Amino acid sequence: MHDFSISQQIAHHVIRKVEEEKATEVLEIKIKIGELTHLNPEQLTFWLREFFRQTPASRAKILIEKTPPIIQCKKCKYEGKVRVKKEDTYLFYFLAPFTCPRCGSDEVEVISGRECLLERIKIKR
């Protein structure tokens with residue numbers, strides 16, 4: 001249901017923009033989702049297609065870019081990706097506390113990876 005409700009909100013925003021701009025067609029939308037949101041790009045696309053039926057966005061190209069988690073360590077000032085063994089990736093993002101890969105501190109701030117942004121809407125007037 002998480003993907004459903006997020007897709008619904010995105011579709012609502014896109015259609016509202018179409019109306020505001022008096023557009024005749026949506027050509028493309030670009031969405032950026034952080035890996036920590038646990039959103040599934042295929043599910044987002046599926047639900048957006050459903051919500052866009054019989055709207056000016058029905059044929060829009062849907063581009064989804066996933067962004068990795070980026071942390072910043074408050075102790076050593078490391079800023080970068082979290083290092084995780086490939087086989088542990090899924091569970092790690094759900095369960096593990098983040099620690100600095102440089103100094104091991106748990107005093108880290110997640111600065112990227114939790115976002116869900118409607119980055120661009122290309123329209124035709």
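Q54 lies in the loop between α2 and β2, where helices (H or I, at least four residues) and strands (E, at least two) are DSSP runs numbered from the N terminus. The phi angle of Q54 is near 55°, a positive value in a residue other than glycine. Most residues other than glycine have a negative phi. Q54 is exposed, with a relative accessible area of 85%; here buried means under 20% relative accessible area, exposed over 50%, and partly exposed in between, with a 1.4 Å probe and protein chains only. The model is a predicted one, in which local features need pLDDT of at least 70 and side-chain atom pairs count only at pLDDT 80 or more, while totals for chains, interfaces and linings use all residues. Residues are numbered from 1 along each chain as its sequence is written, and side-chain values use heavy atoms, with hydrogens and water left out.

The secondary structure of the protein comprises 3 helices and 6 strands, and from the N terminus on these elements follow the order α-β-α-β-β-β-α-β-β. Of the 125 residues in the protein, 35% are buried. The protein exposes about 8,100 Å², of which carbon and sulfur atoms supply 50%, the accessible areas coming from the Shrake-Rupley method with a 1.4 Å probe and, for residues, only the protein chains shown counting as cover. Among contacts with a separation of 6 or more, 76% are between residues 24 or more positions apart, a contact being defined as heavy atoms within 4.5 Å.

Strands β1 and β2 pair in the parallel sense over 7 bridges; two strands are taken to pair if DSSP finds at least two bridges between them. Together with helix α2 (residues 41–52), β1 and β2 make a right-handed β-α-β unit, a crossover being right-handed if, with the strands pointing away from the viewer, the path from the first strand over the helix to the second runs clockwise. The loop between β1 and α2 contains H38, whose phi is near 60°, again a positive value in a residue other than glycine. H38 is partly exposed, with a relative accessible area of 30%. E35 is also placed in the loop between β1 and α2 and is partly exposed, at a relative accessible area of 24%. Although E35 and T67 are 32 residues apart in sequence, their C-alpha atoms are 5.9 Å apart in space.

The structure holds 9 salt bridges, each defined as a side-chain nitrogen of Lys or Arg within 4 Å of a carboxyl oxygen of Asp or Glu. Side chains of opposite charge can pair when their charged atoms come close. One of these salt bridges joins the side chains of K17 and E20, at 3.3 Å from N to O. Because K17 and E20 are 3 residues apart in helix α1 (residues 2–21), about one helical turn separates them. K17 is partly exposed, with a relative accessible area of 32%, and E20 is likewise partly exposed, with a value of 47%.

A further salt bridge is formed by E65 with K30, the closest N and O atoms being 3.2 Å apart. This pair links distant parts of the chain, with E65 in strand β2 (residues 61–67) and K30 in strand β1 (residues 25–34), 35 residues apart. K30 is buried, with a relative accessible area of 18%, whereas E65 is partly exposed, at 31%. The bridge partner of K30 in β2 is L63. The side chains of K32 and E119 also meet in a salt bridge, at 3.3 Å from N to O. This second pair links distant parts of the chain as well, K32 being in strand β1 and E119 in strand β6 (residues 116–124), 87 residues apart. E119 counts as partly exposed, at 38% relative accessibility. Through salt bridges that share partners, K30, K32, E65 and E119 are joined into one network.

Strand β1 also holds E28, which is buried, with a relative accessible area of 11%. The side chain of E28 makes a polar contact of 2.8 Å with the side chain of R120, a polar contact being a pair of N or O atoms within 3.5 Å, of which, within protein, one must be able to donate a hydrogen and the other to accept it, and residues adjacent in sequence count only if both atoms are side-chain atoms. When its neighbours within four places in sequence are left aside, E28 is in contact with A60, K61, L63, R120, I121 and K122.
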